[in-house]
Amino acid sequence: MSSPSKFNFRYLLRPGTNFQFVKHARTWVSISLLVIAALIALLFYNKSARGQYLNWTIDFSGGTEMVYAFKDKANPGAYFSPDLGEVRSAIKTVDSSFDITDMTWTEQTPQGDVKVKGVVVRTPRFGAVAPETQAQAIAAIGTALASSQITRSSWSGDRLFVYSKAPIEEAAAGAALASVKLEMKPWGGEVKEFHKLDDVTGEYKAALAVQGIARQYELAIEQAMGNVDVQVMQSYGVGAKAGDKLRDDAIKSLFYAFLLITLYLAFRFDIRYAPGAIFATLHDAVMVIGVFALTWTEVSLTSVAALLTVIGYSTNDTVVIFDRIRENIDKHPDKKLERIIDLSINETLSRTILTSVTLFTVTLVLNIVGDGLVRNFAFAMNIGVISGTYSTIFMATPLFLWISKRFYGGASAKSTGRTLAEA
């Protein structure tokens, strides 16, 4: 009777697998180069068709940022933490392009310091009136004030200038704008400043100013959430120049990341390992950016953070395989470098698959159930994990092999005497 084994492992890939990766390296590299070229061409297509290479968010293109706090109308002195899902759904009734995150700060009150949990809303819009809403408002004004014999109407920012042969009524104008979810600012006691008779043309000119985008969002949230008093704590615009600086800084951060990776690999292994890792990480960066361009997904500072995370993940995966290659070069000095590379990839393949699947599963869940910036980050990570695993196996090692054969005659790092540091 045979004794049971002490350990009963379930292998993802049984030891001794012999997949020949190097044999088909030229094919995979050629396919990758074609895909990279297509994605780069897509950027220029977006520029010509949509006006910009990528769908930049307020971080890069400018827009408006607003901070809101929430109080219960039944208890005016008490702040409460809103549900982000409810706030997001409320704003979607008046806008479709925005980001929302929670924010905590300390507010000084007569009763002492109070911790307030509010929300930050960002939108690429600067004004409350979108182009489609402008047309709707002009049509509504034309219908509601037909008796005033309107001759023409035009928007300038958040002001609608209405020209008519007869005076218009403030209440009727306000009701017409309210029908398209715009709140008109009252004229108050300064009617003459907003409604004038032009002695030259004989027409009346009325300036109908509407509340800003911060107020528009505030009303939408209050109407959707019921007994809540929404307070605008802060509202300011982010100019395009500030967005350009952020974009330049993001590009610099990617450049410095590549530079430090090169220096690390040159010190940790051998200088000929570095080009393969750099090419693989560049491949991953282009893939993530290209998919964002293809799907027209918003690109924010969170996307840049995800891209840097992908670069770090890909480099880590590449280093694991490179480390095994170096070990096997010392262990099997009689084998060809092609065989050593295949052997090393096969030995680390289970680890690569398990790590990649675990990370992909976590970020996929965030991509499915998350929203806003969370989904943006998770989507970039989903693409990056797939691309990073692929590039480590099919891009980094073939380039290392080509450099070794082209400039070192296929010799191992040990035989060339060019190793800068040993682990």
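## Helix 10 and helix 11

In this predicted model, helix 10 (residues 301-331) crosses helix 11 (residues 337-369) at roughly 145°. Their axes come within 9 Å. The crossing is right-handed.

What classes of residue make up the contact of helix 10 with helix 11? There are eleven nonpolar, seven polar and four charged residues.

## Helix 9 and helix 12

Helix 9 (residues 274-295) packs against helix 12 (residues 373-407). The angle is about 145°, and the axes are 7 Å apart. The crossing of helix 9 and helix 12 is right-handed.

The contact of helix 9 with helix 12 holds 16 nonpolar residues. Eight polar residues and one charged residue complete the contact.

Four of them form an open sheet, and their order is 6-7-9-8. The pairing is antiparallel. Which strands lie at the edges? They are strand 6 (150-156) and strand 8 (195-197), and each pairs on one side only. On average, neighbouring strands of this sheet are turned by 15° against each other, direction ignored.

Look at one pair in detail. Six bridges join strand 6 to strand 7 (residues 159-164) in the antiparallel sense. Tryptophan 155 has leucine 160, in strand 7, as its bridge partner.

## A helix across the sheet

Helix 4 (residues 131-144) lies across strand 6, strand 7 and strand 9 (204-209). Its direction is at about 150° to strand 6.

Conventions: Residues are numbered from 1 along each chain as its sequence is written. This is a predicted model: local features need pLDDT of at least 70, side-chain atom pairs count only at pLDDT 80 or more; totals for chains, interfaces and linings use all residues. Side-chain values use heavy atoms; hydrogens and water are left out. Two strands pair if DSSP finds at least two bridges between them. Helices (H or I, at least four residues) and strands (E, at least two) are DSSP runs, numbered from the N terminus. Axes are lines fitted to C-alpha atoms, for helices over the stretch in contact, and angles run from 0 to 180 degrees between N-to-C directions. Contact means heavy atoms within 4.5 Å. A crossing is left-handed if the near helix is turned anticlockwise from the far one by less than a right angle, and right-handed if clockwise. Ala, Val, Leu, Ile, Met, Phe, Trp, Tyr, Cys and Pro count as nonpolar, Asp, Glu, Lys and Arg as charged, and the others, Gly among them, as polar.
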